[in-house]
Amino acid sequence: QELYLSGIKYYAMLPMKHFRDMEQLSEGEKTFTHTQVSSPFFMYLPSRFFILDEVDAVPDNTNVAKVAKYVQSQASNEFQFIAISLKCSLYEKSDSLTGVHRDQDVNSSRIPTLDMSSDRWGYNFMRAADDLLTA
């Protein structure tokens, strides 16, 4: 019998929830759990960046806020998160926004960065995003 072909079964117990198989969790709960499970590996064998590619695509806003809070608590000068996101609830908590867009006048891409850590933008993040793209 080849036991290594059977795979690995993961179980999780989220706050205020019962101990369950990962397959029984919602997509948002899976996202949050995977982020928490993989983060210690990167802290043990550090890398400069932890890339989250649309980690907020499936979860509801409550779980996206939990992921954002967790990312904020783990980020440091030595351990940075790069989050590719389309949801305001994740990127509004960032220190900076970097956008990539095509400049049709010169037929090239532009990569502007916006410092979100200052109070200059207040809570008007959509205006900040618009200003980033028109910079």
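Which side chain of opposite charge is nearest to Asp103, a residue that is buried yet has no salt bridge? The nearest one is Arg110, 4.2 Å away. Here, buried means under 20% relative accessible area, exposed over 50%, and partly exposed anything in between (1.4 Å probe, protein chains only). A salt bridge needs a side-chain nitrogen of Lys or Arg within 4 Å of a carboxyl oxygen of Asp or Glu. As for charge, Lys and Arg count as positive and Asp and Glu as negative, with His and the chain ends not counted.

The model is predicted, so to speak of local features takes a pLDDT of at least 70 and side-chain atom pairs count only at pLDDT 80 or more, while totals for chains, interfaces and linings use all residues. Residues are numbered from 1 along each chain as its sequence is written, and side-chain values use heavy atoms, leaving out hydrogens and water.

Asp103 sits in strand S6 (residues 101–103); strands (E, at least two residues) and helices (H or I, at least four) are DSSP runs, numbered from the N terminus. Leaving aside residues up to four places away in sequence, Asp103 touches Ser108, Ser109 and Arg110, where contact means heavy atoms within 4.5 Å.

Salt bridges do turn up elsewhere: a search of the whole structure finds two. In one, the side chains of Asp21 and Lys9 meet at 3.0 Å, N to O. Asp21 belongs to strand S2 (residues 20–21) and Lys9 to the segment before strand S1 (11–12), so the pair ties together parts twelve residues apart in sequence. Asp21 is buried, at 12% relative accessible area, whereas Lys9 is partly exposed at 45%. Lys9 also pairs with Glu23, with the closest N and O atoms 3.8 Å apart. Glu23, in the loop between S2 and H1, is 14 residues from Lys9 and counts as exposed at 62% relative accessibility. Through shared partners, Lys9, Asp21 and Glu23 join into one network.

Then there is helix H2, which has 14 residues. Asn63, Val64, Val67, Ala68, Tyr70 and Val71 of H2 are buried. They cover an arc of only 165° around the axis (taken from the directions from the helix axis to the C-beta atoms), which puts them on the same side of H2. On the other side, Asn61, Thr62, Lys69 and Ser73 are exposed. The buried residues of H2 pack against helix H1 (27–44), S3, strand S4 (80–84) and helix H3 (88–91).

How values were computed: Expected span 1.5 Å × (residues − 1).
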